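The exercises below are to be worked with the sequence and the coordinates at hand. Each task is followed by a solution in steps.

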Amino acid sequence: MIFELILHLSEVKVKTEYSKYLKITTHNIGLKGAKMDCMDVMKERRSVRSYLKKDVEEEDLEDILWAGQLAPSGGNLQAREFIVVKRRELKEGLVEAAFGQTFIGEAPAIIVVCANIPESSKRYGERGVLFSIQDASASVMNILLAAHEKGLSTCWAGAFDEERVREVLDIPKEIKPIAIIPIGYGGEKPKMPRRKPLKEVTHYDGW
Ligand SMILES: Cc1cc2nc3c(=O)[nH]c(=O)nc-3n(C[C@H](O)[C@H](O)[C@H](O)COP(=O)(O)O)c2cc1C
C-alpha cells in the first residue's frame with residue numbers, strides 16, 4: 001500500500017521536497033519499476049570504489065550493455081566494443097593492468113569498453129580515431145547512468161596500461177580499450193566531489 005503511494009508520487013514527478021525524498025527512497029530500496037528522473041540519475045550517480053559480494057543479474061547487465069549501444073556514434077558506425085569480464089583470474093589481470101586499483105576486482109562484473117578504430121577510420125580517416133574514442137566514451141556514460149538507475153554502482157576507470165589490458169583480454173592491437181567499468185552493488189555512498197561553478201567553465205558567443 002505504502003509502496004503504491006510512493007510509486008505513484010514518483011511517477012507523476014510532483015516537485016516538492018516531500019516527493020523528492022520519496023523518489024530517492026524507492027531507488028535506494030531497489031524497487032523494480034520505480035522510474036528515476038534523468039536529471040536525478042545524473043546528479044546522484046557517483047564513482048563507487050567498494051562493492052558487495054552480490055551478483056548482478058544477467059538481465060540487468062544486458063539492459064546496461066544495450067544502454068551503451070543506444071549512445072550516439074559518428075555516422076552511426078557504432079565503432080565500439082564491449083567485453084564483459086567475470087572470471088576471477090581475468091579480473092585480477094585487470095586490477096594489475098590498472099596499477100593495483102583493487103576495487104575493480106571486487107565487482108562481480110566488469111565491462112571493458114573499447115574503441116574500434118578501424119571501423120570508424122575506414123570512412124573518416126584520421127578523424128575516425130577521435131570518432132571511435134567518442135563513440136566508446138558516449139557508451140561509457142550511458143552505461144554508468146543506466147547502471148545507477150538500476151541501483152547498481154560503477155566507476156569509470158581510465159588509469160591503466162593499455163597494452164597490458166590488451167594482453168589480459170586478448171584484444172587486437174588496432175582496438176583501443178577506453179574504460180574499465182566495475183559494476184556491482186555499492187559498498188559505500190560517496191558524496192559528490194566538488195564541481196566547478198558553471199561560470200568558470202562556460203563561455204558565451206566565443207571564448
Ligand atoms: C576519463 C576518466 C578516467 C577516470 N579514471 C579513474 C581511475 O582510473 N580510477 C578511479 O578511481 N576513478 C577514475 N575516474 C573517476 C573520477 O575520479 C570521478 O569521475 C571524479 O572524481 C568525479 O566523481 P564522480 O564520478 O563521483 O562524480 C575517471 C573518470 C574519467 C572520466
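**Exercise 1. A loop residue**

In which loop does Gln 78 lie, and is Gln 78 buried, partly exposed or exposed?

Solution. The model is a predicted one.
- Step 1: Gln 78 belongs to the loop between α4 and β1.
- Step 2: count the other C-beta atoms within 10 Å of Gln 78; there are 19. Burial requires 20 or more and exposure 12 or fewer, so Gln 78 is partly exposed.
- Step 3: list the contacts, leaving aside neighbours within four places in sequence. They are Gln 69, Ser 73 and Asp 135.
- Step 4: look across the chain. Asn 116 is 38 residues away from Gln 78 along the chain, and their C-alpha atoms are separated by 8.4 Å.

**Exercise 2. Order of elements**

Determine how many helices and strands the protein chain has, and give their order.

Solution. 
- Step 1: the count gives 10 helices and 4 strands.
- Step 2: read from the N terminus, the order is α-α-α-α-β-α-α-β-α-α-β-α-β-α.
- Step 3: consider the contacts with a separation of 6 or more; 74% of them join residues 24 or more positions apart.
- Step 4: of the 207 residues in the chain, 32% are buried.

**Exercise 3. The two sides of α5**

Assign the buried and exposed residues of helix α5 (residues 88-97), and state what the buried ones pack against.

Solution. 
- Step 1: the buried residues are Lys 91, Leu 94, Val 95 and Ala 97.
- Step 2: The buried residues of α5 fall within an arc of 165°, so they line one face of the helix.
- Step 3: turn to the other side of α5, where Arg 88 and Glu 89 are exposed.
- Step 4: find the partners of the buried residues. These are β1 (80-85), α6 (103-106), β2 (109-116), α9 (162-169) and β4 (175-184).

**Exercise 4. The largest nonpolar core**

Identify the residues that touch the most other members of the largest nonpolar core, then examine Ile 110, Ile 181 and Ile 183.

Solution. 
- Step 1: the core has 39 residues, and those with the most contacts to other members are Leu 94, Ile 110, Val 113, Ile 180, Ile 181 and Ile 183.
- Step 2: two or more residues each come from α4 (58-69), α5, β2, α8 (127-149), α9 and β4.
- Step 3: take Ile 110, in strand β2. Ile 110 counts as buried because it has 24 C-beta neighbours inside 10 Å. Beyond four places in sequence, its contacts include Val 85, Lys 91, Leu 94 and Ile 104, together with Ile 180, Ile 181, Pro 182 and Ile 183.
- Step 4: take Ile 183, in strand β4. Ile 183 is also buried, with 24 other C-beta atoms within 10 Å. Among the residues it touches are Val 56, Ile 64, Ile 110, Ala 147 and Leu 152. Pro 108 is 75 residues away from Ile 183 in sequence, but 6.7 Å away C-alpha to C-alpha.
- Step 5: take Ile 181. Its contacts beyond four places in sequence include Ile 110, Val 113, Val 140, Ile 143 and Trp 156.
- Step 6: In soluble globular proteins, nonpolar side chains tend to be buried together.

**Exercise 5. Positive phi**

Where do Asn 76 and Phe 99 lie, and are they buried or exposed?

Solution. 
- Step 1: recall the background. Most residues other than glycine have a negative phi.
- Step 2: Asn 76 has a positive phi near 50° and is found in the loop between α4 and β1. With 8 other C-beta atoms within 10 Å, Asn 76 is exposed.
- Step 3: Phe 99 is not a glycine, yet its phi is positive at about 55°. Its place is the loop between α5 and α6. Phe 99 has 11 C-beta neighbours inside 10 Å and counts as exposed.

**Exercise 6. The ligand shell**

Classify the residues around the ligand.

Solution. 
- Step 1: the shell consists of Arg 46, Ser 47, Arg 49, Gln 101, Cys 155, Trp 156, Ala 157, Gly 158, Ala 159, Pro 190, Met 192 and Pro 193.
- Step 2: sorted by class, the shell has 7 nonpolar, 3 polar and 2 charged residues.

Terms used
Residues numbered from 1 in each chain as written. Predicted model: local features only at pLDDT ≥ 70, side-chain atom pairs only at ≥ 80, totals over all residues. Arc of directions from axis to C-beta. Contact = placed C-beta atoms within 7 Å. Core = buried A, V, L, I, M, F, W, Y, C linked by C-beta atoms within 7 Å. Near = placed C-beta within 6 Å. Nonpolar A, V, L, I, M, F, W, Y, C, P; charged D, E, K, R; others polar.
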